[in-house]
Amino acid sequence: VVLPTRNSRWRQLSVAALLSGVILVAALWVYNSTGAATNLTARVPDHFKKFTNQATVNATLPLPDGSIVVLNPGSSLYFPENFSTGERLVMLEGSAFFEVMPDKTKPFVVESNELRTHVLGTSFWVKEGRPNQPASVVVRTGKVMVSAVAAAPGATDLNPVTLLPNHQVKYFEKSRQFELSLADSLLPITATHKLLNGKKPAEVLHLEYEKPTPLFKVAEDLQQLYGVDIKIENSAMRSCLLTGDLSVPELHQKLEIICLSLGGTYATEGTSLVIKGKGCGL
């Protein structure tokens, strides 16, 4: 089975999607919400400084540990003058972009109205809850642990949820439940992980199979590139041969090309992707 060859259409799509992926992989966004159950400002330590972006454009703020924050207009960040021993805690109202400096001895913690997100040096999104929308965290690289800020009176604390790359968790405040799943958009994680077969980043993202390659080997490459569990439901599909270009950065797009070529389908099951079909030429 031959996949579509490269052309200008795929090249343009790859560049556009890759630019979006770079932004996502480097970033943590926190969105402001109204009507939150907890008051963030009441929890801010007295010695924390406050920076509010009063401009009409984004403002860049370096933190004491070398991490970088880009605050949206009207957003505020609370942080200490220096991070001492223990965790690197910052508190955010509004929307911001974080690039976290790795430090295994001092976890970086972003606290918003509803969630506390612990990281060591990684990139992810955080969205505070809004009316009829749950709070959520989406991990792009590394691993984070998410917990609820505070329990309702008399409620039992939830166990923290650990997220891996391209995972997301939604937090439903009324029912106090976490829902773990794959992120809506699945992007490469090679920026901070071992590169595929020793290739350079550009070569990895290109991912073109010039020689016929078994589907199970392609699936293994995609698992390493995206950090997502990919299963092949029917053993008859495993040895199906593929050649061609899989340079589109987003994983769902890659799987659509593969399934179209093999006459199969794929589905999301929890935090796994499952390729389904009868087999080659069936």
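Aspartate 221 counts as buried, since its relative accessibility is 5%, where buried means under 20% relative accessible area, exposed over 50% and partly exposed in between, with a 1.4 Å probe and protein chains only. The model is predicted, so that local features need pLDDT of at least 70 and side-chain atom pairs count only at pLDDT 80 or more, while totals for chains, interfaces and linings use all residues. Residues are numbered from 1 along each chain as its sequence is written, and side-chain values use heavy atoms, with hydrogens and water left out.

**View 1. Aspartate 221 and lysine 217 pair within helix H4.** Their side chains form a salt bridge at 2.8 Å, N to O, a salt bridge being a side-chain nitrogen of Lys or Arg within 4 Å of a carboxyl oxygen of Asp or Glu. Both residues belong to helix H4 (residues 215-226) and stand four residues apart, which is about one turn of the helix; helices are DSSP runs of H or I with at least four residues, numbered from the N terminus. Lysine 217 is partly exposed, because its relative accessibility is 28%.

**View 2. Lysine 231 and aspartate 229 are joined by a salt bridge.** The N to O distance here is 4.0 Å. Lysine 231 counts as partly exposed at 44% relative accessibility, and aspartate 229 is likewise partly exposed, with a relative accessible area of 32%.

**View 3. Arg43, Glu87, Glu111 and Arg116 make up one network, joined by salt bridges that share partners.** By the salt-bridge rule, the count comes to seven.

Methods
Helix = DSSP H or I, 4+ residues; strand = E, 2+ residues; numbered from the N terminus.
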